[in-house]
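Subject: Structure handover

Hello,

The structure is below, followed by notes on what was found in it. Please read the notes with the coordinates open.

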Amino acid sequence: TIPECLAQTVSRFGDRPAAVFSAQGISWTYAEFAREVDALAGGLVRLGLKKGDRVGVWAPNCAEWLLAQFATARIGLILVNINPAYRSFELQYALEKTGCSALILASSFKSSNYVDMVRDLISELPRAKPGSLKCKAFPNLRSVIVTEDVAPAGMLSFADVVDWGRDMASAELD
C-alpha cells in the first residue's frame, strides 16, 4: 500500500530529501514528510472523516496537495482530484457526482479565485461553523479547507487541520 511504501522508505532513507517546494520555502526529509502526513491524517480523522469518505483537492501542485494525497491514503479516504482549471459549474458537477465529505482548495490559481467560486456555489458557507457545514446542494460536504494560513468564514485553514492531528499517535491512525 502507499502508507506501507512510505514507511519502508522512511526506515531506509529517513534523513534523505523527500520533497522540495521552492516557491513555498518547504523542504522535507522522508521522516519529516511522514510526520506531516500523519499530522494531516490525524486532523482529518478529528474532523470526523472515516475510511471510504471522499476528499476533493482543488489546487495546483503544492505541498498541501502532496500531503493530502498521502494522508488520505494513510487513513483509507478516497482522494478526488479536481482539475485546477475548472470553473464553478465544473466544480459543482464534480462535487455532485463524487459526494465529497471535505474539499481542500488553494485560495486561487492563475486567474481563478477558488474561494469566491466556492462561496458562490455554497451560500451556507459564510454562516457555517467550520467543519460542520450543512449544504443543501452538496449534502455530504462538511468541511472546506483552504491552504491559506487564515481561513475565510465557514472554512478551515490547512495549517489548523494539520495542527489538530499533531498529537495523535501513529497507531491511532491504523
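In the hairpin of S1 and S2, Gly25 takes a positive phi near 70°, and four residues sit between the strands. The two strands, S1 (residues 17-21) and S2 (residues 26-29), run antiparallel and are joined by four bridges; strands count as paired if DSSP finds at least two bridges between them. Phe21 stands opposite Ile26 in S2. Helices (H or I, at least four residues) and strands (E, at least two) are DSSP runs, numbered from the N terminus.

Some conventions first. This is a predicted model, in which local features need pLDDT of at least 70 and side-chain atom pairs count only at pLDDT 80 or more, while totals for chains, interfaces and linings use all residues. Residues are numbered from 1 along each chain as its sequence is written, and side-chain values use heavy atoms, with hydrogens and water left out.

Buried means under 20% relative accessible area, exposed over 50%, and partly exposed in between (1.4 Å probe, protein chains only). Apart from neighbours within four places in sequence, Trp58 is in contact with residues including Ile82, Pro84, Leu91, Leu105, Tyr114 and Val118; contact means heavy atoms within 4.5 Å.

Strand S8

Ile145 lies in strand S8 (residues 143-146) and is buried, with a relative accessible area of 1%. Beyond four places in sequence, the contacts of Ile145 include Leu44, Leu47, Leu103, Phe158 and Val161. Among the contacts of Ser143, leaving aside neighbours within four places, are Leu47, Ser101, Gly131 and Leu156.

Helix H5

The buried residues of helix H5 (residues 114-121) are Tyr114, Val115, Met117, Val118 and Leu121. They cover an arc of only 165° around the axis (taken from the directions from the helix axis to the C-beta atoms), so they are on the same side of H5. Their cover includes strand S3 (54-58), helix H4 (88-98), strand S5 (102-105) and S8. At the N-terminal end, Asn113 caps H5, with a side-chain oxygen 3.2 Å from the backbone nitrogen of Val115.

Salt bridges

A salt bridge is a side-chain nitrogen of Lys or Arg within 4 Å of a carboxyl oxygen of Asp or Glu, and by this rule the count comes to five. Arg166 and Glu36 form one of them (2.9 Å, N to O). Arg166 lies in the loop between helix H6 (158-165) and helix H7 (170-173) and Glu36 in helix H2, so the pair ties together parts that are 130 residues apart in sequence. Arg166 is partly exposed at 43% relative accessibility, whereas Glu36 is buried at 17%. Glu36, Asp163 and Arg166 are linked in a network of salt bridges.

The side chains of Arg74 and Asp38 also meet in a salt bridge (2.8 Å, N to O). That pair links helix H3 (residues 63-74), which holds Arg74, to helix H2, which holds Asp38, 36 residues apart.

Regards

Conventions:
Polar contact = N/O pair within 3.5 Å; in protein donor to acceptor, adjacent residues only side chain to side chain.
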